[in-house]
Amino acid sequence: MTVYVLHIDPPLKHARHYIGFTPDPTADRRVSEHLNGLFKGTPLIKAALDAGHSVCLAHQFPSANREFERWLKDRKDVRSWCPCCAVNTRPIPSPDSISDAYRRKKAREQAEYHGRAA
């Protein structure tokens, strides 16, 4: 399983990055699907490519899971550590850096959601 980050240059409206997940050991196949416009690509990347923007693999996290993908998306700070953005105000996160507080918060949100659905 791998979590990956695609960098869009120049940004497409507000979108500068795409964070994705693949069950593969590397992101190569999945990134190829995005860049070649295959049916499993995301509409954001397709729109960026159609508009003439460049898209590249900025970073991949081998052995990361969907929880890490969600954690990265919730942080909304990719630009601060993306190697392609050259801002580098933060170190690149690792799958081990998900805090217990984050996990408890997500478990609580899920319990509340399922409580309302019943």
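Contact, as the word is used in these legends, means that heavy atoms lie within 4.5 Å of each other. All of the views show a predicted model.

**View 1. Helix H1 and the elements that cover its buried residues.**
Helix H1 spans residues 28-35, and its buried residues are Arg30, Val31, Glu33 and His34. These four residues lie on the same side of H1, because they cover an arc of only 155° around the axis. After H1 comes Gly37, a residue whose phi is positive, near 65°.

**View 2. The hairpin of strands E1 and E2.**
Strands E1 and E2 pair in the antiparallel sense, and seven bridges are found between them. Two of the facing pairs can be picked out by name: Val3 stands opposite Phe21 in E2, while Leu6 has Tyr18 of E2 as its bridge partner. Between the two strands of this hairpin there are two residues, and Lys13 takes a positive phi near 55°. Strand E2 is mostly covered, since seven of its eight residues are buried.

**View 3. Strand E1 and its pairing with strand E3.**
How many bridges join E1 to E3? There are eight bridges, and the two strands run antiparallel. One of the residue pairs is formed by Asp9 and its bridge partner in E3, Ser54. Strand E1 is largely enclosed by the rest of the structure, because eight of its eleven residues are buried.

**View 4. Thr22 and the residues it touches.**
Thr22 is found in strand E2. Is Thr22 buried or exposed? Thr22 has a relative accessibility of 1%, and because a residue under 20% is called buried, Thr22 counts as buried. Leaving aside residues up to four places away in sequence, Thr22 touches Met1, Thr2, Tyr4, Ala27, Arg29 and Arg30. With Arg29, the side chain of Thr22 also makes a polar contact of 3.4 Å.

Key. Residues numbered from 1 in each chain as written. Predicted model: local features only at pLDDT ≥ 70, side-chain atom pairs only at ≥ 80, totals over all residues. Heavy atoms only, no water. Buried < 20%, exposed > 50% of the residue type's maximum accessible area, 1.4 Å probe, protein only. Arc of directions from axis to C-beta. Pairing = 2+ DSSP bridges. Polar contact = N/O pair within 3.5 Å; in protein donor to acceptor, adjacent residues only side chain to side chain.
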